[in-house]
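I wanted a written record of what I looked up in this model, in the order in which I looked.

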Amino acid sequence: MTMSILTPEIRAELEKQAIELPSWAFGNSGTRFKVFGTPGTPRDPFEKIADAAQVHKYTALAPAVALHIPWDMADFDDLRKHAEDHGVALGTVNSNTFQDDDYKFGALTHEDASVRQKAIDHHLACIDVMDATGSRDLKIWLAEGSNYPGQADMRGRQDRLHESLEKIYARLGDDQRLVLEYKFFEPAFYHTDVPDWGTSYAQVSALGEKAMVCLDTGHHAPGTNIEFIVMQLLRLGKLGSFDFNSRFYADDDLMVGAADPFQLFRILFEVVRGGGLNNPDVAFMLDQCHNVEDKIPGQIRSVLNVQEMTARALLVDKDALTAAQRSGDVLAANAVFMDAFYTDVRPALAEWRESRGMDADPMAAYAASGYQEKIAADRVGGVQAGWGA
Ligand code: AOS
Ligand code: ZN
Ligand code: ZN
């Protein structure tokens, strides 16, 4: 029986899995060279939510949608109801301090107190949105840094960042959190104010328990052992969320698991090992853009990639692995690890889906549903949502 490789314990974990989708993944996006429009692109946040709900409909994996302010400004009572009507919830609120001329030389770190206050006020407005949407997390990614040695006082900027974050943190409700995302370069190329997990950890630790680190899998230098960082942040109790995607070169924002499935496996193994799977403290999110492929199936493929690698990570024979590790049997330990990675779980997952009354193949079911053709016919003049909106 194919499905039997998924033990009841593994199925129970997989059934609980929830991956938040980014609203901007449904809008048009591209590179600085060209944005290719896609027929049927959402024209407003309501249509983005409707599209995200399709992903959940066929996978049962994506019950929440992350918003971006100001790209998703709306009547949030209406948007919340709309999401509920579509069977999904509104999730993490993402701030934006990277599309305003005032922020040319920084936002939360700026030398000028009035610019810092403007950026702080934007985050307070984001928390107002969270109050209306019922969202728990405020995700902060900062496009701040400098391009040339000597351009900026890096130390002063850390101090100002702390002061600004403190003011934002003070406004959080009891059940709300702040997650601070790090990224080693871009748009600044010499120094970035939150370049790595250590800086994010230092900043959020100085704030308090409701501040955590966000790990975007695309935000590391080539060769970085990301699963080590996952392990360490879980060990420290400070891994607040993931932005999943994959990359070949820089911050490519490609589909998670596409560029390096083995890396995704290694990360999810540490998530399982560290108690981060289906742990409410660790939000799983996608942060992707679909520049040339259709967006809804791109998101379906992505959440399935996460599910498949989670299943493989859960298949690792932990007793055998521990025994091999303890006895110093390097090759046996590696073999246990690789056995799980090389196990094709797709037939078992398809069978399990059918046993739950779902379509065995979510990609095929969506393609056959006619939804893509319908939105292409119905929606004319899609907004460029996402980068550059
Ligand atoms: C930018 O590189 C980051 O990955 C952000 O997490 C994100 O893509 C942006 O904040 C969109 O909301
Ligand atoms: Zn991100
Ligand atoms: Zn990014």
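**Basis.** I am reading a predicted model, in which local features need pLDDT of at least 70 and side-chain atom pairs count only at pLDDT 80 or more, while totals for chains, interfaces and linings use all residues. Residues are numbered from 1 along each chain as its sequence is written, and chains are lettered from A and ligands numbered from 1 in the order in which they are written.

**Confidence.** I noted that the chain averages a pLDDT of 96, with 98% of the residues scoring at least 70; pLDDT is the predictor's confidence in each residue, from 0 to 100.

**Ligand 1.** I listed Trp24, His68, Asn94, Trp141, Glu181, Lys183, Asp216, Asp243, Asp251 and Asp287 around ligand 1, where a residue is near a molecule if its C-beta atom, placed from the backbone, lies within 6 Å of it. This shell divides into six charged, two polar and two nonpolar residues, with Asp, Glu, Lys and Arg counted as charged, Ala, Val, Leu, Ile, Met, Phe, Trp, Tyr, Cys and Pro as nonpolar, and the others, Gly among them, as polar.

**Core.** I found 96 residues in the largest nonpolar core, and Leu180 and Leu215 are among those with the most contacts inside it. Such a core is a set of buried Ala, Val, Leu, Ile, Met, Phe, Trp, Tyr and Cys residues joined through C-beta atoms within 7 Å. Helix H9 (residues 295-315) gives the largest share of this core, nine residues; helices (H or I, at least four residues) and strands (E, at least two) are DSSP runs, numbered from the N terminus.

**Cis bonds.** I found a cis peptide bond between isoleucine 69 and proline 70, with omega about 15°, and proline 70 sits in the loop between strand E2 (64-68) and helix H3 (76-85). Another cis peptide bond joins glutamate 186 and proline 187, with omega about 10°.

**Positive phi.** Glutamate 186 also has a positive phi of about 75°, although it is not a glycine, and lies in the loop between E6 and E7. Is glutamate 186 buried or exposed? I classed glutamate 186 as exposed because 12 other C-beta atoms lie within 10 Å, the limits being 20 or more for buried, 12 or fewer for exposed and partly exposed in between, with C-beta atoms placed from the backbone. Alanine 60 has a positive phi of about 55°, but alanine 60 is buried, with 20 other C-beta atoms within 10 Å.
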